Amino acid sequence: MSREKVFNFSAGPSVMPLSVLEKARDELLDYRSCGMSVMEMSHRSSLFQEIFDSTKEKLKAALSVPDSHEILFLQGGATLQFAAIPMNLMEGGTADYAVTGNFSSKAAKEAEKYGRVNIACDSSDTGHDRIPTQSELKLSDEAKYFYYCANNTVYGTEWQYVPETKAPLVCDMSSDILSRPVDVAKFGLIYAGAQKNMAPAGLTVVILDKSLAGREMPITPSVMSYKTLIKADSMLNTPPCWCIYMLGLTLDWLESQGGVVGMEQIKRERAGRVYAYLDESRLFKAHARADSRSDMNVTFRTGDPELDAEFVKGAAARGLLNLKGHKVAGGMRASLYNAMPMEGVTALIEYMKEFETKHHV
Ligand SMILES: *Cc1c(COP(=O)(O)O)cnc(C)c1O
């Protein structure tokens, strides 16, 4: 069994390593001669427990997670964490939120239900084309945590530094986790939906400083209480078993590619090539400012919505899929996650050059 050769630039769910899909296919019906698929196994079985434990260990190793932090495998997507974070950590007080795009804006709005949100910065005045500098951040003294989104999937900007704050850092890494080394000890909480850079949709990874657990509001649902979830080792109820298994396979692949250090080199090269072309193009323009650009989601436009639509359509016709930008941002977006091969970037740039030659007057 093979498949059509395309390059999938979807922002999420998104491309996965072919070898991971092949391995999953090979083990789909009969996991290691047990006569069952991973999808059919009890999450309380020793066979699944082994998958769970080894995946957790591999993630711990991949990100060098210190013993002070716990890894949780949860459901509900990144969006559930928009609520879980304030319910668990805000203590009815204040939290600082850096609003640099679509998802941090949503997270800040959700948090307003549970306490006072101090907007530490807001880049909406320039269409979220930049990440603020440290000195631009307006931090409040009493903040229970500082919240930011490491990579803005919709607008294509990425924090190039880790903010310095007194309050614990809480970070949405949904679209750049495992794409570069992270000093996990600096963070109170890191979380990520799996469907951008890790596994199929349905799994959310939370990495939490254990000393922050146990501060939840009394009304917090048990299934959202970090303290309860840590105690149950993510198995208060049925975890997303298949996705956890898939994450394990992705982490094996990641290791074979040089881990997060290897990924960082590759991502710089992938995105660097597209930005270099954009900077010399007379037709296309990058959305993000040079010092704030994302290596994961490259956003660009021609300035003419009709031409953008033609570009996207023509790209799809030659197997360059899902290049249309998010509806709130418009234009185009090429998502270059870990599993995007360099040939995909080459094919994209080739097509952009052809399109430019055809249309530039
Ligand atoms: C996709 C995405 C989300 C939303 O994820 P869901 O799993 O759909 O809730 C949140 N934050 C970022 C940075 C994302 O890229």
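Predicted model: local features only at pLDDT ≥ 70, side-chain atom pairs only at ≥ 80, totals over all residues.
Local features here need pLDDT of at least 70 and side-chain atom pairs pLDDT 80 or more, while totals for chains, interfaces and linings use all residues. Residues are numbered from 1 along each chain as its sequence is written, and side-chain values use heavy atoms, with hydrogens and water left out.

Let's start with the ligand. Its shell is made up of Gly77, Ala78, Thr79, Phe103, Cys149, Asn151, Thr153, Asp172, Ser174, Ser175, Gln195 and Lys196, where a residue counts as near if one of its heavy atoms lies within 4 Å. By class, that's three nonpolar, seven polar and two charged residues, with Gly counted as polar and Cys as nonpolar.

| Residue | Protein atom | Ligand atom | Distance |
|---|---|---|---|
| Ala78 | polar backbone | oxygen | 3.1 Å |
| Thr153 | polar side-chain | oxygen | 2.5 Å |
| Asp172 | polar side-chain | nitrogen | 2.6 Å |

Taken alone, the ligand exposes 380 Å², and the protein buries 85% of that (Shrake-Rupley, 1.4 Å probe).

Three strands make an open, antiparallel sheet in the order 11-12-14, pairing being called when DSSP finds at least two bridges between two strands. Strand 11 (285–286) and strand 14 (332–335) are the edges, each pairing on one side only. Strand 12 (residues 297–301) is joined to strand 14 by four bridges, and Asn297 has Ser335 in strand 14 as its bridge partner.

Notes:
Polar contact = N/O pair within 3.5 Å; in protein donor to acceptor, adjacent residues only side chain to side chain. Helix = DSSP H or I, 4+ residues; strand = E, 2+ residues; numbered from the N terminus.
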